[in-house]
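Student: Please show me the structure. I would like to work through it with you.

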Amino acid sequence: MIRLEFCGAVGEVTGSGCLVHAPAATVLVDFGVFQGGADARERSASLGPVRADRLDAVVLTHAHIDHCGRLPLLAAAGYAGPVFATPATLDLAALLLADLGRIQEADLARENRRRRSAGLPPLQALFGAADVERVRDCGRALPYGQARRIAPGITARLTEAGHILGSASVELAVEEGGTRRVLVFSGDIGPCGAPILRDPVPPAAADLVVMESTYGARDRPPQAGTVARFREILAEAVRSHARIVIPAFAVGRTQLLLFYIAEAIREGAIPPLPVFLDSPMATAATLAYARHQELYDEELGGLVRTGQIRHDLQSLRVVESVEESRSLNDRRGACVIISAAGMCEAGRVVHHLRHTLWRENAHVILPGYMAPGTLGRALADGAPQVDIFGEPVVVRATVHHLSGFSAHAGQGELLDWLDGVAPQGPRLVLTHGDDEARTVLRERIHERHGILAECPGPGSVVTLP
Ligand SMILES: [Zn+2]
Ligand SMILES: [Zn+2]
């Protein structure tokens, strides 16, 4: 018998983790933090059903922290076994986990200052830098397509998921007394035809599929319209000698925007205007993308081989020091400043917004989802004034909210992903989506493939006899 226990991302999109109890071993697929909501921190501090001393191996689908952010916690609890992932995922996860550690430290220091003045005892850190390093030392590279025995009776193979660099779907083959059963975990499935990465590779055979459902209720907005709008804003800024500030996620979104800027320059839609990459995280992530050119799709592979992309991005400058970053405040003329964090809550981008929002001749592009309660959301909602570092800042710049750059497959692409495996009638479990998304996708799957998917909740167990 095989038993699956879900540690998160059931009825929501964060906190991914699935514990696979096979007859001879226990394996964990992903172990991410919860994000958003008042109790996210508390839930992220829990190992849930995972026992560090009863775990044989961990496999990661990709490096987003809602898929790997609880691993330092597991290391702090004594886990020292292997963590299998693609080399690119190990690279990016090391970066993102170190960053998570720094954010956690800063948050904790702030919270403890507050507690001290309120006469309360200080909170302890959930994990330290040493635990992040321990996770990194546990990393075992498993390139796409290679089958590897990862625990007694369990073989793993990773396939392209097209979501971020190194992202994978996980296939686990479980052997028990002469029978072999295949479990597939989709991970986050990327869109088809997007630049930089290859398209996701759907499964060909499975007894059970655990599948994400982020965009289960709708198709994502077409990327072509978003890209056209992005180009128009760039051209307008060039004409009016305006600056553009773009708060972008460091991994994936930043590289996609650089790709589209390069394309606009190459095709003559805009002249090569100065582009500043001003975020240590985004720079490190972009270097990780550059280290893994073997994962690029055909188009970008060609542009790299011929030196074209380097030529297109001649005007790209990586901003290193804080002084250099500050000097951008006084810059005149058209330019693009790409900076983290994605929802404008922290990092150098907050300073850039403070020095840009009040200007009439300036643009701010929000290239994705902005969670409620964030500065990014206030700007997306058209707030005439916002608070930055406790001071009011009037919004005179033009704010554009572009939502078509998603790294997730839309409903139609999710249904297509199942085409190859559906005729075998596998058990199907939907995760990683809010309840509406899961319910709608479940109906569509039933109509098209005749399979009734299961929708587990927190603490649910799925058994395969
Ligand atoms: Zn993801
Ligand atoms: Zn995810």
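Tutor: Helices (H or I, at least four residues) and strands (E, at least two) are DSSP runs, numbered from the N terminus. This is a predicted model: local features need pLDDT of at least 70, side-chain atom pairs count only at pLDDT 80 or more, and totals for chains, interfaces and linings use all residues. Residues are numbered from 1 along each chain as its sequence is written, while chains are lettered from A and ligands numbered from 1 in the order in which they are written.

Student: Which residue just after H7 takes a positive phi?

Tutor: H7 covers residues 253–266. Just after this helix, at a phi of about 80°, comes Gly 268.

Student: How far does H7 reach from its first C-alpha to its last?

Tutor: H7 has 14 residues. The expected span is 1.5 Å times one less than the number of residues. That gives an expected 20 Å, and the helix is close to it, reaching 20 Å.

Student: How many residues of H7 are buried?

Tutor: Buried means 20 or more other C-beta atoms within 10 Å of the residue's own, with C-beta atoms placed from the backbone; exposed means 12 or fewer, and partly exposed lies in between. The buried residues include Leu 256, Phe 259 and Ile 265. H7 is largely enclosed by the rest of the structure, because the buried count out of 14 is eleven.

Student: Where is Asp 30 found?

Tutor: Asp 30 has a positive phi of about 65° although it is not a glycine. Asp 30 is buried, with 30 other C-beta atoms within 10 Å. Its place is residues 26–31, strand E3.
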